[in-house]
Each structure stands twice: as C-alpha cells, then as structure tokens.
Amino acid sequence: MIVYIDADACPVISLTEKNCRDYQIPLVAVKDYNHELHLEYGDVVTLEQGNDHADLYIANMVSHGDLIITNDMGLASLVLGKNTFCINFYGNIIDQNNIDFLLHSRHVKAKGRRNKKYGKGVPARTPENNIRFEQTLIKILEEGKNEYIR
C-alpha cells in the first residue's frame, strides 16, 4: 500500500504524515509548484500548475490497494476503477456505492454556480473533522497493511 494525497490546499497533511510514519506506510504528497510543502516522512511530488496535473499524476501512479486522499470527486472516480481505497479530507469513504451520487452532487453545484446560485460554502473545519479523518485513516491503514501481509 502507498498513500497518495492530493496535497494542494489539503488540511490533513500532518495527520496523514504522522499516521503513515507510525504504520510505516509509504506516503506521496502531490502538489503544484504554487504550494509550499515539506514532509519529514514521505515524498513530495511537485508538478507544474495546470488543470488536473496532480489528479492525472495520481491516477496514473496508483495501483490495487493504494489509498488516495482527496476532495476531488473526479480524481476519486478515476482511481476507484483500480481497486483503491479513497477517502476525503473529512474521513468519508468514497467507493463504488456512493461515487455516482457524489459526482452528480458536484455537477448540480457546478451548474448552480454557472447560473449565479451560490451555496453557503464550506463550513469551517472543526476538531471533530480531524478526529473522524484520523479514525478512518487508521482503519484503512490497518486493513491495507493486513491485506499486504497476507
């Protein structure tokens, strides 16, 4: 298992780094050159800025059993076809059972924005968001490590 994190504007990099280090799971953070990021554990891949560069890099690199951490449902839909684990920054599992709904929701929101209808935006991140994310991350790291050992 390798953990790939869509690192541009990601609020859970330090939690991910800590847990990957604790479980000795490789970590790859992918970002564009406009974002600063230094890890003590794991690798940072810096790409040129552009639409979907980081997403396409991650989608091309992942393989069966890897974990992808992203809030981008387009990227999630690409990697799920490779039998990966996928979670968002809030610890919600993204899988074949909910990806169609999540993609449809993204489409409806984008359509609303094009028609000048804006929602309330993303609520402020809470400590509970971090707790839930870390609980889900640990569960997947443990499952993935056990799967890899078998």
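The chain exposes about 9,100 Å², of which carbon and sulfur atoms supply 51%; accessible areas were computed by the Shrake-Rupley method with a 1.4 Å probe, and for residues only the protein chains shown count as cover. The model is a predicted one, in which local features need pLDDT of at least 70 and side-chain atom pairs count only at pLDDT 80 or more, while totals for chains, interfaces and linings use all residues. Residues are numbered from 1 along each chain as its sequence is written, and side-chain values use heavy atoms, with hydrogens and water left out.

Of the 150 residues in the chain, 40% are buried; buried means under 20% relative accessible area, exposed over 50%, and partly exposed in between (1.4 Å probe, protein chains only). The chain holds five helices and five strands, where helices (H or I, at least four residues) and strands (E, at least two) are DSSP runs numbered from the N terminus. The order of these elements from the N terminus is β-α-β-β-α-β-α-β-α-α. Contact is defined as heavy atoms within 4.5 Å. Among contacts between residues at least 6 apart in sequence, 49% join residues at least 24 apart.

Strand S1 (residues 3-6) is covered on both faces: Val3 and Ile5 on one side, and Tyr4 and Asp6 on the other, are all buried. In a regular strand the side chains alternate between the two faces of the sheet. S1 runs parallel to strand S2 (residues 27-32), to which four bridges join it; two strands are taken to pair if DSSP finds at least two bridges between them. Within this pairing, isoleucine 5 stands opposite alanine 29, and aspartate 6 stands opposite valine 30. From S1 the chain passes through helix H1 (residues 13-23) to S2 in a right-handed β-α-β crossover. Right-handed here means that, with the strands pointing away from the viewer, the path from the first strand over the helix to the second runs clockwise. S1 is also joined by three bridges to strand S4 (residues 67-69), again in the parallel sense, with valine 3 opposite leucine 67.

In S2, six of the six residues are buried. Leu27, Ala29 and Lys31 point one way from this strand, and Val28, Val30 and Asp32 point the other way. S2 pairs with strand S3 (residues 43-47) in the parallel sense over five bridges; there, threonine 46 of S3 is the bridge partner of lysine 31.

The largest nonpolar core has 23 residues, and those with the most contacts inside it are Val3, Ile5, Val12, Leu67 and Ile69. A nonpolar core is a set of buried Ala, Val, Leu, Ile, Met, Phe, Trp, Tyr and Cys residues joined through side-chain atoms within 4.5 Å. At least two residues of this core come from each of S1, H1, S2, S4 and helix H5 (127-149), and H5 gives the most, with four residues. A second, separate core has 17 residues, including Tyr4, Val30, Ala59 and Cys86. In soluble globular proteins, nonpolar side chains tend to be buried together.

Helix H3 (73-80) is largely enclosed by the rest of the structure, because six of its eight residues are buried. These are Met73, Gly74, Leu75, Ala76, Val79 and Leu80. Aspartate 72 caps the N-terminal end of H3, with a side-chain oxygen 2.8 Å from the backbone nitrogen of glycine 74. The cut-off for such a polar contact is a pair of N or O atoms within 3.5 Å; within protein, one must be able to donate a hydrogen and the other to accept it, and residues adjacent in sequence count only if both atoms are side-chain atoms.

Alanine 9 lies in the loop between S1 and H1 and is exposed, with a relative accessible area of 66%. Asparagine 83 lies in the loop between H3 and strand S5 (85-87) and is also exposed, with a relative accessible area of 52%. Asparagine 129, in helix H5, is by contrast buried, at a relative accessible area of 18%. Leaving aside neighbours within four places in sequence, asparagine 129 is in contact with Tyr90 and Ala124.
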